[in-house]
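Here's a quick briefing to read alongside the model. Have the sequence and the 3D view open as you go.

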Amino acid sequence: MTLLKTYIIPRILQWALVIFIGVTLTFLIPRLSPVNPVEQAISRVTAFETLSPEATVALRESLEDLYGLKGSLFDQYIAFWRRVLSGDLGPSFSSFPMSVNVMIANSIGWTVGLLGTTVIISWLSGILLGTLSAYFPNRWWARLMESVVIVVYPIPYFIIAFGLLMIFAYYLPIFPLVGGASGTPSFSFGYLGSIVRHSFLPAISVIIGATAFRFLMAKALATSERTSDYVTYAEIAALPKRKILGAFIIRNTMLPQVTDLALSLGAIFEGALITEIVFSYPGIGSTLYSAIISADYNLIMGITLLSIIGVATASLLVDLTYPLFDPRVRLR
């Protein structure tokens, strides 16, 4: 009961406050822009035909009501919260009459599948390789891995993505150049195989950079644990090295690793913007880029809200799982 009052409830309230502030900023920032989406929509209509003044006024009122821009700023804010709480993010400006919900739903699955897989693979491989490299620092393969990581880590991941694209999709056309799949959507082996082929290069480009980062982090954490008294005592006691690695080193470096995993999974909803653009992958990052180019504020706000809620929820889950990993939190 004490843990609930002093630890769990305050963090849930903190999560709610972060969501409230994030939604408020998401509402305000586009409205501070000098670009008026209603006037842009009217300009696109009047570019092809002439409207009477009465028709123009009626069109403006309809668009303001449709896009939630009718009334004072406070009225718009209340209406915006009603839409958010009801799950209605409104229509897309650039793809009217398609709703923002539909556009996000059409792209989020691609991003979750791509980034969810790459985050887990890079997290596991980075921890394993980094810990082994720290525990066996004098082995030739440990020095080789560290040298490779030091070379790869400073390279921006979009450069890696572009290089993979040019080599394995253009000069050696082993993998598709663009897109997320080919053929008619179905659960057939042919279509599922095309999804794997289209996502392979984007996934590898993300995994290389993410694994290098997690390798360095895991090695730094494991190096400090390797010199601790209890690890030295376990080695003197002739415990198996596998048990020392698992029960003492990896287990005692899991707190920051779990934080990194949860925040990375929460950030999936932001999309891999540059990677998806390089490979023309139909994920949430490509959708956000198109929304920015076309000034589709409703879609931008919808993706931003999704990202805020995802990261805030991931942070909450990290805080709630800390008592499971750290007995000091439970005792406190």
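The protein has 15 helices and zero strands, both taken as DSSP runs numbered from the N terminus (helices H or I, at least four residues; strands E, at least two). This is a predicted model, where local features need pLDDT of at least 70 and side-chain atom pairs count only at pLDDT 80 or more, while totals for chains, interfaces and linings use all residues. Residues are numbered from 1 along each chain as its sequence is written, and side-chain values use heavy atoms, with hydrogens and water left out.

**Overall picture**

- The C-alpha trace spans about 90 × 60 × 40 Å along its principal axes.
- Of the 332 residues, 37% count as buried (under 20% relative accessible area; exposed is over 50%, partly exposed in between; 1.4 Å probe, protein chains only).
- The protein exposes about 18500 Å², with carbon and sulfur atoms supplying 71% of it (Shrake-Rupley method, 1.4 Å probe; for residues, only the protein chains shown count as cover).
- Taking contacts (heavy atoms within 4.5 Å) between residues at least 6 apart in sequence, 70% join residues at least 24 apart.

**Core and helix packing**

- The largest nonpolar core has 18 residues; such a core is a set of buried Ala, Val, Leu, Ile, Met, Phe, Trp, Tyr and Cys residues joined through side-chain atoms within 4.5 Å.
- Val-38, Tyr-67, Ile-104, Leu-299 and Ile-303 have the most contacts inside this core.
- Helix H2 (37–46), helix H5 (100–135), H13 and helix H14 (297–325) each give two or more residues to this core.
- Setting aside neighbours within four places in sequence, Val-38 touches Arg-60, Leu-63, Glu-64, Tyr-67 and Leu-69.
- Ser-107 sits in helix H5 and is buried at 4% relative accessibility; beyond neighbours within four places in sequence, Ser-107 is in contact with Pro-282, Gly-283, Ile-284 and Thr-287.

**Salt bridges**

- A search of the whole structure turns up two salt bridges (a side-chain nitrogen of Lys or Arg within 4 Å of a carboxyl oxygen of Asp or Glu).
- Glu-146 pairs with Lys-219, the closest N and O atoms being 2.5 Å apart; Glu-146 is in helix H6 (residues 140–152) and Lys-219 in helix H8, 73 residues apart.
- Glu-146 is partly exposed at 29%, whereas Lys-219 is buried at 15%.
- Arg-214 pairs with Asp-260, with the closest N and O atoms 2.7 Å apart; Arg-214 lies in helix H8 and Asp-260 in helix H11 (residues 254–266), so this pair ties together parts 46 residues apart in sequence.
- Both partners are buried, Arg-214 at 4% and Asp-260 at 14%.

**Aromatics**

- There are ten aromatic pairs, counting rings of Phe, Tyr and Trp (its six-membered ring) with centres within 6.5 Å; planes under 30 degrees apart are stacked, over 60 edge-to-face, the rest tilted.
- Tyr-135 and Phe-136 are edge-to-face because their ring centres are 4.9 Å apart and their planes at 85°.
- Phe-175 and Phe-200 are stacked, with centres 4.8 Å apart and planes at 10°; Phe-175 is in the loop between helix H7 (157–171) and helix H8 (189–226), and Phe-200 is in helix H8, 25 residues apart.
- Phe-20, Phe-27, Tyr-77, Phe-80 and Trp-81 make up one aromatic cluster.
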